[in-house]
Amino acid sequence: MQNRMIENLRRWLCAALGALLLAASPAHARYVALGHVDLSFYEVTAALIQLVLERLNYNVALKKGTHSQIYPQLGAGEIDLFVAAWLPHAHARYWEEYKADLVKITRLYGDAKLFWAVPDYVPASEVRAVADLLKPEVAARMDKTIRGPGADSGLMIGSKKIVEEYRLDAAGYRLVP
């Protein structure tokens, strides 16, 4: 798995650098504005890509922000490379809005999934689907706070739809970024 991830990253960087070199004017050819969402798991990927670019003698400026802050910068060309858009689902809303100005270079992760976790004190056998959260015996044991990253993240946008669809709020559950 680790070798596959490294190979994907290598291919991605080669494609990204090739695209940058073709698109960059000579005055800006060694400068890269690298953007990422300001969450820990994006930070790690951005740091790795920054390291590789700097070893290739690029000057790298990191730009980070929330999803709703970073995507407009990407669409406006203020960011050259963006780390980890979760497509086709989690960041679909942002992609649809800005895709006319963007080029998807490659995929870093193949089977990334968004999910909710249930605490250990509720047996996994009792919660196999979202609807199970409404069972009286499950609801009675649950801390009804559903936590996630920023309110504008794909996970939270999707979670809001799930809470509404299953009427979890009527059972006392609340979504908290």
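Hi everyone, let's start with helix α3, residues 67-75, where His67, Ile70, Tyr71, Leu74 and Gly75 are buried; buried means under 20% relative accessible area, exposed over 50%, and partly exposed in between, with a 1.4 Å probe and protein chains only. These residues cover an arc of only 135° around the axis, which puts them on the same side of α3. That arc is taken from the directions from the helix axis to the C-beta atoms. An α-helix has 3.6 residues a turn, so residues three or four places apart point the same way.

A quick word on the source: this is a predicted model, in which local features need pLDDT of at least 70 and side-chain atom pairs count only at pLDDT 80 or more, while totals for chains, interfaces and linings use all residues. Residues are numbered from 1 along each chain as its sequence is written, and side-chain values use heavy atoms, with hydrogens and water left out. Helices (H or I, at least four residues) and strands (E, at least two) are DSSP runs, numbered from the N terminus.

So what do the buried residues of α3 pack against? Their partners are β1 (31-37), α2 (40-55), β2 (59-65), β3 (81-82), α4 (92-98) and α6 (154-166), with contact meaning heavy atoms within 4.5 Å. Just after α3, glycine 77 has a positive phi of about 80°.

Two residues other than glycine also have positive phi. Asparagine 57, at about 65°, sits in the loop between α2 and β2 and is exposed, at 57% relative accessible area. Arginine 167, with phi near 55°, belongs to the loop between α6 and β5 (174-176); arginine 167 is exposed as well, with a relative accessible area of 57%.

Now for the salt bridges: how many are there? The count is five, where a salt bridge is a side-chain nitrogen of Lys or Arg within 4 Å of a carboxyl oxygen of Asp or Glu. One of them pairs aspartate 38 with lysine 64, with the closest N and O atoms 3.9 Å apart. Aspartate 38 is in the loop between β1 and α2 and lysine 64 in strand β2, so this pair ties together parts 26 residues apart in sequence. Glutamate 43 also meets lysine 64, at 3.7 Å from N to O. Here helix α2 holds glutamate 43, so the pair ties together parts 21 residues apart in sequence. Aspartate 38 is partly exposed at 44%, as are lysine 64 at 47% and glutamate 43 at 31%.

Elsewhere, glutamate 126 bridges to arginine 141, with the closest N and O atoms 3.7 Å apart.
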